[in-house]
Amino acid sequence: MMIRKKIRLIKEADQTEIEALIDIGINRLVIPREIAKKIGVKPMYRIKTEHGDGSIREVDVGPVFIEIMGRGAPDWATIVEKGEVCVGAETLETLGLAVDPVTGELYPTRRFV
C-alpha cells in the first residue's frame, strides 16, 4: 500500500511543500540532493545505509524541520542523489503519527503540543 501526504520541509528562511511517500519500511526522512540544496540543508556527517536493492552506500545527513498534518519537529534527513522524498517510521514516531493498516491513512498516536 502506497501512502502519500503533503509535507513541508523548512530550513531557516527557506521551505518547500511537497508530496512525499510515507514508507514505514525505512527509518527516517530521505530527500533528494536537489531539494536539500533548494532549501539549504547542509550535510553534517555521512552514514552507511542499506538500500532496497541490498546495496550499502555512504550518504550525507543534514538537519531539517519537517511538518506533516500540522505537526512539526526537527529531524535528520538522509540526502540521496536521486529519487523522491520519503518519510520513515522513526520520523512519524517523532511527530506522533502512525499509518492505519486498514485505511492507509495517517493518524495521531498521541496529543502533540
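**The largest pocket**

Visitor: What is the volume of the largest pocket?
Guide: A pocket is an open set of points on a 1 Å grid over the protein atoms alone, where a 1.4 Å probe fits and protein lies on both sides within 12 Å along at least five of seven lines. Points are joined across faces, edges and corners, and the volume is the space filled by probe spheres set on them. For the largest pocket this comes to about 730 Å³.

Visitor: What kind of model is this?
Guide: Residues are numbered from 1 along each chain as its sequence is written, and side-chain values use heavy atoms, with hydrogens and water left out. Local features need pLDDT of at least 70, side-chain atom pairs count only at pLDDT 80 or more, and totals for chains, interfaces and linings use all residues; this is a predicted model.

Visitor: Which residues of the lining lie nearest the centre of the largest pocket?
Guide: A lining residue has an atom within 4 Å of a point of the pocket. The largest pocket is lined by 29 residues, and those nearest its centre are Val30, Thr49, His51, Thr78 and Val80. The elements that give two or more residues to this lining are β4 (45-50), β5 (56-68) and β6 (71-80), where strands are DSSP runs of E of at least two residues and helices are runs of H or I of at least four, numbered from the N terminus. To repeat the names nearest the centre, they are Val30, Thr49, His51, Thr78 and Val80.

Visitor: How many residues of the lining are charged?
Guide: Asp, Glu, Lys and Arg count as charged; Ala, Val, Leu, Ile, Met, Phe, Trp, Tyr, Cys and Pro count as nonpolar, and the others, Gly among them, as polar. On that division the lining of the largest pocket has 11 nonpolar and 7 polar residues, and its charged residues number 11.

**Strands**

Visitor: Which residue in the hairpin of β4 and β5 takes a positive phi?
Guide: Two strands pair if DSSP finds at least two bridges between them. β4 and β5 run antiparallel and are joined by 6 bridges, with Lys48 opposite Glu58 in β5. The hairpin has 5 residues between the strands, and the residue with a positive phi, near 90°, is Gly54.

Visitor: Which residue in β2 is the bridge partner of Ile10?
Guide: β1 and β2 pair in the antiparallel sense over 9 bridges. Lys5 stands opposite Ala20 in β2. In their hairpin, with 2 residues between the strands, Glu12 takes a positive phi near 55°. For Ile10, the partner in β2 is Gln15.

Visitor: Which residue in β7 is the bridge partner of Ile22?
Guide: β2 also pairs with strand β7 (residues 86-87), in the parallel sense and over 2 bridges. The partner of Ile22 there is Val87.

**Buried residues**

Visitor: How many residues does the largest nonpolar core have?
Guide: A nonpolar core is a set of buried Ala, Val, Leu, Ile, Met, Phe, Trp, Tyr and Cys residues joined through side-chain atoms within 4.5 Å. Those with the most contacts inside the largest one are Leu9, Leu29, Ile31, Ile68 and Val87. Among the elements that give it two or more residues are β1 (3-11), β2 (14-22) and α1 (33-39). The number of residues in the largest core is 24.

Visitor: Which residue in β5 stands opposite Ile7?
Guide: β1 and β5 pair in the antiparallel sense over 4 bridges. The residue opposite Ile7 is Ile68.

Visitor: Is Thr16 buried or exposed?
Guide: Thr16 is in strand β2. Contact means heavy atoms within 4.5 Å, and, not counting residues up to four places away in sequence, Thr16 touches Ile7, Arg8, Leu9, Ile35, Lys38 and Ile39. Buried means under 20% relative accessible area, exposed over 50% and partly exposed in between, with a 1.4 Å probe and protein chains only. The relative accessibility of Thr16 is 11%, so Thr16 counts as buried.

Visitor: What is the phi of Met69?
Guide: Met69 is in the loop between β5 and β6 and is partly exposed, at 44% relative accessibility. Most residues other than glycine have a negative phi. Met69 is not a glycine, yet its phi is positive, at about 50°.
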